[in-house]
Amino acid sequence: MGSLVPFQDLNLSPEVPQTAASSTVTAASSTASTSGLLIPKIEPKQEPIDELRPIQQEPSQGYADFASNSAHDFLNNSQLSPLSQSSPSNVDQEKLYSEFFRISELFRSAFAKSLEKYGDIQVVDPDSRAIVPVPEQEDDRAFSVAFSRRRFQRSGELVRVTNLGIEDMRHFRGDVRRARRLYDSLRILATVEEEKRSPGTGRRARGDLRAAAVMRDRGLWLHRDKRIVGSIPGLEVGDLFFFRMELCVLGIHGQPQAGIDYVTASHSSNGEPIATSIIVSGGYEDDQDAGDLLIYTGHGGQDKFSRQCMHQKLEGGNLALERSMQYGIEIRVIRGIRYENSVSSKVYVYDGLYRILDCWFDVGKSGFGVFKYKLLRMEGQLEMGSAVLKFAETLRRGPFQARPVGYLSLDISTNKENFPVLLYNDLDSNHDPLYYEYIVRTVFPPFVFSQASNGAGCTCVSGCTEGCFCAMKNGGEFAYDYNGLLVRGKPVVFECGTFCQCPLTCRNRVAQRGLRNRMEVFRSRETGWGVRSLDLIQAGAFICEYAGVVLTREQAEVFSMDGDTLIYPGRFSGRWTEWGDLSQVFPEYVRPSYPSIPPLDFAMDVSRMRNVACYMSHSSTPNVLVQFVLYDHNNLMFPHLMLFAIETIPPLRELSLDYGVADEGTGKLFICN
């Protein structure tokens, strides 16, 4: 193979040291007892948090079918029951089969290279986890395990994308953002429908799997026609993801569970495997992560409890990493980090490109041989996203410890918000945000509430349910899921209000609860003042209200003559139409048009009273959308301006809005900055 590293001969099965752990494994595999202990199953480097389950592949569906059957039918309880619960008469036979397949797998892995030269023998890919080869299924209706490599084979063509212009980078960034937006919309919708079908079961809804399967069936996965080496066009250092399947959809890391993504030797042009990306999440005890410098452990040799029980071998992903080192191919590094209050209790952050400097075979902490790889981060990249996450956590614990200089206020809302709003300026002496009166909610004229006396509400006591009065006001469906995420944008959302009997914890009371994250107003060289969150914000999550003093058209004309800057809600771009838009997947999908809302003809004065949202900067590609909401009155002419995340926003990334069209007279946007 041309390796310059003096590896020992691993084509021969090494002798396992007789440690206490190995003695236990040997005894369990050779003694036929009635205890029903499972034989350790050797797995590729995996993520236990995102353990996938076999699912039924269905024929291509329309939007109505997806909405009513969005949840996968996973294995039933009897199929998931442990072996120890089998009847005594079947225990010995099942143990015999398990031992036979284990030995067969070891034999095929050890002599795979020798058997490949015989044309009548089909050798299983050592990393495929399949006991027997799986032929390609041409019938889409045939049952197959999710994410089958045979059915949806990735391209083996290696390409590197370089010398992109500004417009090219914007184009690819737009592709990535649209794909992520579609994935999140499908995931949230699938989760809602799964909760409808199985309420109160406590089973974790896997909308991430469903969304990925639908996009794959429609050919919407990115970069399936090629394997990109190095940077993915449109992917930025610091981008953050909740699910492994999202990494697959975007072409960042193509393995749903394995930690090493690589082109196999059979698909490589030179007949050698080449690694392209790795995931570092602490799954192996011998990993050493110092940020820019990383000691990464190869995969293999672990049982299902993530304990090392065998020597690793120079094959599959391990060999691919060694070959990438010899050819000088850079590796994408994604770190899996446990994060509180996230969707899956773990997040994956892209930390940029690394080069493999060295690799060697060493004895691990468990006494078994492991392959180790020394990786060094390449220079000239943005700060690592994992480092930003840690710094944001430090800011949440104590701002002055992280930044001794620069903070002008630890809460400009003066305890009016649910969470403090910090003010930071390390550029100049501007203190303007301190001179405004902070308001939490929009101030409406008294006549707006005149219709409240005729209001009606739901009679739900413990919380709104499907089919209640408030659901009917929203077109028969709630706008939010059970986690408070916006399912899809609408012309206007009716939340439960004063006349409703449901509690404040009702799923239809989201935006009225106020700020959900710790925010920071900061001085920026590019935008004057900007806003960023110290917390991770999910796509579809509520952020805050855009608050000011509402003026009628006549009042706005008077204020304009005095030169005051006004905000015109009717001029905000309709970004709500992009959130939850599934027309790319289902051609019959129709954008929500009910409840309808008339054209807005009022302005908002933020020259004296404002909140944190007024410091958000304008962008033609924003990460925040405006959703009109009503809850404390029923006047459609004066809705609240509620802000929701249109994509996943990492901590300390600036929030931006599309303020809409320019003023006819001045050609400037009506923004308060």
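Asn 163 is placed in the loop between strand S1 (158-159) and helix H6 (166-197), where helices (H or I, at least four residues) and strands (E, at least two) are DSSP runs numbered from the N terminus. Its phi is near 55 degrees, a positive value in a residue other than glycine. The model is a predicted one, in which local features need pLDDT of at least 70 and side-chain atom pairs count only at pLDDT 80 or more, whereas totals for chains, interfaces and linings use all residues. Residues are numbered from 1 along each chain as its sequence is written, and side-chain values use heavy atoms, with hydrogens and water left out. Asn 163 is exposed, with a relative accessible area of 77%; exposed denotes over 50% relative accessible area, buried under 20%, and partly exposed the range in between, with a 1.4 Å probe and protein chains only. Asn 415, in the loop between S11 and strand S12 (421-424), also has a positive phi, of about 70 degrees, although it is not a glycine, and at 70% relative accessibility Asn 415 counts as exposed.

Helix H7 (residues 207-217) is mostly covered, with 10 of its 11 residues buried. Strand S6 (residues 288-289) and S7 pair in the antiparallel sense over two bridges, two strands being taken as paired if DSSP finds at least two bridges between them. Within this pairing, Asp 289 has Leu 294 of S7 as its bridge partner. The hairpin of S6 and S7 has three residues between the strands, and in it Gly 291 takes a positive phi near 90 degrees. S7 is also joined by five bridges to strand S10 (residues 369-377), and these two strands run antiparallel; here Ile 295 stands opposite Lys 374 in S10.

An open sheet is formed by four strands in the order S11-S12-S15-S16, with mixed pairing. Strand S11 (407-409) and strand S16 (528-533) stand at the edges, each with a single partner strand, so one side of each is left without a neighbour in the sheet. From one strand to the next, the twist averages 30 degrees, where axes are lines fitted to C-alpha atoms, for helices over the stretch in contact, and angles run from 0 to 180 degrees between N-to-C directions. Strand S15 (residues 519-524) pairs with S16 in the antiparallel sense over six bridges, and Val 521 stands opposite Val 531 in S16. The charged end of Arg 532 sits over the ring of Phe 522, 3.9 Å from its centre; such a placement requires NZ of Lys or CZ of Arg within 6 Å of the ring centre and within 35 degrees of the ring normal. Arg 571 lies over the face of Tyr 568, at 4.6 Å from the ring centre.

A search of the whole structure finds 11 aromatic pairs, for which the rings of Phe, Tyr and Trp (its six-membered ring) must have centres within 6.5 Å, with planes under 30 degrees apart counted as stacked, over 60 as edge-to-face and the rest as tilted. Tyr 480 and Phe 644 form a stacked aromatic pair, 6.1 Å centre to centre and with 25 degrees between the planes. Tyr 480 lies in the loop between helix H12 (469-473) and strand S14 (493-494) and Phe 644 in strand S24 (residues 640-645), so the pair ties together parts that are 164 residues apart in sequence. Tyr 480 is buried, with a relative accessible area of 0%, and Phe 644 likewise counts as buried at 0% relative accessibility. The rings of Phe 542 and Phe 644 have their centres 5.4 Å apart and their planes at 65 degrees, so this pair is edge-to-face. Because Phe 542 lies in strand S17 (residues 542-545) and Phe 644 in strand S24, the pair ties together parts that are 102 residues apart in sequence. Phe 542 is buried, with a relative accessible area of 3%. Elsewhere, Phe 400, Tyr 407 and Tyr 424 form one aromatic cluster.

With a disulfide taken as a pair of cysteine sulfur atoms within 2.5 Å, the count comes to zero disulfides. The sulfur of Cys 496 is 3.3 Å from the closest cysteine sulfur, that of Cys 464, which is too far for a bond. Cys 496 counts as buried at 0% relative accessibility, and Cys 309 counts as buried at 12%.

A cis peptide bond, with omega of about 0 degrees, joins Tyr 594 and Pro 595. Pro 595 is found in the loop between strand S19 (566-567) and strand S20 (603-605).
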